[in-house]
Amino acid sequence: MGFQPVKFYQTGTFTVGNRLLAADERSVQAGQTRSNSINSGHRACQGCGEALGARYAIDAAMAESNGQLIAVNATGCLEVFSTPYPESSWQVAWIHSLFGNAPAVATGVAAAMKVKGRTEVRVVAQGGDGSTTDIGFGCLSGMFERNDDVLYICYDNEAYMNTGVQRSSATPPAARTATTMPVGSEPGNVFGQGKNLPEIAMAHGIPYVATATVADLRDLEYKVRRAMKMHGARYIHLFVPCPLGWGTASSDTIRMARLAKESGMFPVFEAEHGEVTGVLKIRHKVPVEEYLKPQKRFAHLFGTHARPDMVARIQAIADRNIRKYGLLNGHEIDDPADDETCHARFPHLNPLPEGEEANESLREFHVNEGVN
Ligand SMILES: Cc1ncc(C[n+]2csc(CCOP(=O)(O)OP(=O)(O)O)c2C)c(N)n1
Ligand code: SF4
């Protein structure tokens, strides 16, 4: 029998799992020294974006802190699926207290380490969008305002998933949840409400704020490592699709995250001391329909009783994000005065003036080097 040469399909790519790259070019996750902070055996749903995001984020934080990390968890899916007492998938010092107090507990842990002179020990706090934007919001704002030495990571799956998909203040307009039903004249979640946590964090003037998605895992690792190099209050808002709550195929988690970014629905950027310092450009712009249609939570906008008017309003949100953050190549960030009345993600929806839609000529393929 003849020999068949081994094919190294990943040679020459920077895909996040590529172990054939030189050691210094590998992602943390592809490296031999990754810490497996959250290990197999947890009970997340198949295709859970939050489980994936946490794995990459905490392993990156562990790498940057040389394993000297304490993670504080709010109540929510990440805590419940990872740690059904007396079991736990975490292989990192990890503490859970209440739904709403993770930022305050993290502040306390950081203060205790300081008093003990353990300056090498770093602290990360993490929670879902419900605990971050709603119930833990006051504690988080206090943590920002005092500039406590904590990196807070919000895993945004746009609803309270652990208790059966209730609306949070990060749920997008028109989305169906258990508390925003797909019936009536204005079906799904309301337009013009909600909170833009990355911008609220920036308004505190903290050293570092970033957004990221599980579609760009090298970018996520880079942002976590960058945040961990700094001290003071830092915030990362990570977009993590939830197959169960969104009604998407579990194999579509990465695709949904990519479409959120490529449609402009989720702007990916970094900011320091309240100023945007960089954005991840849209590589191939898609209309919001492409992002909305695969999700059952938006099914009432399509089909027999289609609501193109509501889809157009969602498109206007994406277009405003694109203009505001300069997400297409060649677009500069607008004069803030133009956007006085809007949030980037959940604007109080004033329809765009005629002719203000994204410039077609700029819908070109833009390659972000080094990001897969
Ligand atoms: C004070 C309090 N209120 C309500 C609950 C019930 N509860 C536990 S987890 C959860 C939802 C968590 O949602 P989110 O923070 O968005 O995280 P996800 O599960 O979506 O990751 C709720 C309402 C609780 N544990 N404590
Ligand atoms: S409900 Fe959503 S966030 Fe929770 S474990 Fe399942 S996929 Fe993950």
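These legends go with close-up views of a predicted model.

**View 1. The shell around ligand 2.** Ten names to look for here: ligand 2 sits among Ala44, Cys45, Cys48, Cys77, Phe81, Asn157, Met161, Cys242, Pro243 and Leu244. Two elements, α2 (77-82) and α8 (243-246), each supply two or more of these shell residues. Sorted by class, the shell comes out as nine nonpolar residues and one polar, with no charged residues.

**View 2. Strand β4, tucked inside.** Strand β4 covers residues 151-156, and six of its six residues are buried, so the rest of the structure largely encloses the strand. In a regular strand, side chains alternate between the two faces of the sheet. Here Leu151, Ile153 and Tyr155 point one way from β4, while Tyr152, Cys154 and Asp156 point the other way, and all are buried.

**View 3. The partners of β4.** Take strand β3 (residues 122-128) to start with: β3 and β4 run parallel and are joined by five bridges. Among the pairings to pick out, Ala125 has Tyr152 of β4 as its bridge partner. Then there is strand β6 (residues 234-239), which runs parallel to β4 and is joined to it by six bridges. Look for Cys154 here, whose bridge partner in β6 is His237.

**View 4. Helix α1 against helix α7.** Helix α1 (residues 49-64) packs on helix α7 (residues 217-229) at an angle of about 40°, and their axes are 9 Å apart. That angle makes α1 oblique to α7. As for handedness, the crossing of α1 and α7 is right-handed.

Terms used. Residues are numbered from 1 along each chain as its sequence is written. Chains are lettered from A and ligands numbered from 1 in the order in which they are written. This is a predicted model: local features need pLDDT of at least 70, side-chain atom pairs count only at pLDDT 80 or more; totals for chains, interfaces and linings use all residues. Side-chain values use heavy atoms; hydrogens and water are left out. A residue is near a molecule or strand if one of its heavy atoms lies within 4 Å of it. Helices (H or I, at least four residues) and strands (E, at least two) are DSSP runs, numbered from the N terminus. Ala, Val, Leu, Ile, Met, Phe, Trp, Tyr, Cys and Pro count as nonpolar, Asp, Glu, Lys and Arg as charged, and the others, Gly among them, as polar. Buried means under 20% relative accessible area, exposed over 50%, partly exposed in between (1.4 Å probe, protein chains only). Two strands pair if DSSP finds at least two bridges between them. Axes are lines fitted to C-alpha atoms, for helices over the stretch in contact, and angles run from 0 to 180 degrees between N-to-C directions. Angles under 35 degrees count as roughly parallel, over 145 as roughly antiparallel, 65 to 115 as roughly perpendicular and the rest as oblique. A crossing is left-handed if the near helix is turned anticlockwise from the far one by less than a right angle, and right-handed if clockwise.
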